[in-house]
Structure formats: structure tokens, C-alpha cells
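User: I'd like to learn how to read salt bridges in a protein model. Could you walk me through it?

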Amino acid sequence: MRSSHSTLVRGSLSCGAVLATLGFTVPSASAAAPVAKAQCPSIDVALTATNADAIRGGVLCLTNAERRLHDLTPLRENPKLRKAALGHSSDMVRRSYFSHTAPSGTTFVDRIVRAGYTERNDGWSLGENLAWGTGDLGTARGVHEAWMRSSGHRANILKAAYRELGIGIQPGVPKDGNVGATFTTDFGVKL
């Protein structure tokens, strides 16, 4: 599994940015909160052409279970963030790359602004987690557990300021469009 995160914050009066990218192999110990399948169905199911909504629901359920464990407000799905996230997952598989920045130079902020979530000069805070995997590592639980083991991904999931989330899951991985799944989660709050 490969995984990456990025966070960018823009205030209405000043701009500060933190940008980090990380790739790693998943260790075996779990850092995520244990969640029962009854609480979050479809978290151990591989993506197919017909179950993307159920898998997306599993990612949202696991994210919010983690946030509740830390006394944080659950995230709401936002269709504009979802559009940006799904477009990016699809683009990474189609064009065989894995990065927050497309080969053309388009950043995750560019994608989210273009999707209509916010205007470039408004106040906002945005973050993005990426992952791809096959087998158990291509499921909602596998991706969530990997993200919770990484400080940057974990920080995005547990950032108290975030209020909304867009989840984009595409069949295939950047190296092979015929196996696994590619995940993008775009986090946001308008200030």
C-alpha cells in the first residue's frame, strides 16, 4: 500500500501553509480504534463496479468513529469535496501517478476550488489523504488503519477544525488499473 497526505490552511487575512508527502509500507500493528462490522458495514469488502457507495460509507463511518473516540465533531459528506476527490482518484489511476499534484501541476487546492467548494480568496482550511492498495489493504478498514499509523494522515482525520469530507474511490491502482482501489479523501472547513 502507498499512502500520502497533505494539508494547506488559508486564512482570510493571511496565508500559512504546511505541505508534506509521505509514502510507506503498512506495519502489522493497528493504531486505529477497533470498530465492529455491525457499526460500520462494508469496511472489509473489496471495491467492485457496483459497491463504491457502500465502501465510501465505510470510510466515512470509520473516520467518524475515530473522531467520536477523540470527542471531535463528526464530518459531513460534501458533494463538491467528493467531486474533487473522485476526480483525483480517477485521474491517478488513468494517468498512472500517485501524488497530490497532477503531472500538469494542478494541486489539491486547485481541484477543490474548481469543484466549487470554496473560492481561492475566501477563508478555508483543506487537507487531503491518498492511498492505494490491493487485497485487505484496498478496503476501507485497511486504508483507515494505514492512515491512522501515519502522523500526517492521522492529523487530517483528527483535525478538530474540519467539518466536511469528500471521499473518492476508484477501481484500480496507479500501477495497474485492473486490481485494487485508489482512495482520496478531501477534508475542509470554510472559515
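Analyst: Happy to; we will start with the ground rules and then take the pairs in turn. This is a predicted model, where local features need pLDDT of at least 70, side-chain atom pairs count only at pLDDT 80 or more, and totals for chains, interfaces and linings use all residues. Residues are numbered from 1 along each chain as its sequence is written, and side-chain values use heavy atoms, with hydrogens and water left out.

User: What is a salt bridge, and how many salt bridges does the count come to?

Analyst: Side chains of opposite charge can pair when their charged atoms come close. The rule here asks for a side-chain nitrogen of Lys or Arg within 4 Å of a carboxyl oxygen of Asp or Glu. The count comes to nine.

User: Which parts does the pair of Arg 82 and Asp 53 tie together?

Analyst: Their side chains meet at 3.5 Å, N to O. Arg 82 sits in helix α2 (residues 79-95) and Asp 53 in helix α1 (residues 52-69), so the bridge ties together parts 29 residues apart in sequence. Helices are DSSP runs of H or I, at least four residues, numbered from the N terminus.

User: Is Asp 91 buried or exposed?

Analyst: Buried means under 20% relative accessible area, exposed over 50%, and partly exposed in between (1.4 Å probe, protein chains only). Asp 91, at 11%, counts as buried. Its salt-bridge partner Arg 94, with closest N and O atoms 2.9 Å apart, is exposed at 59%.

Notes:
Helix = DSSP H or I, 4+ residues; strand = E, 2+ residues; numbered from the N terminus.
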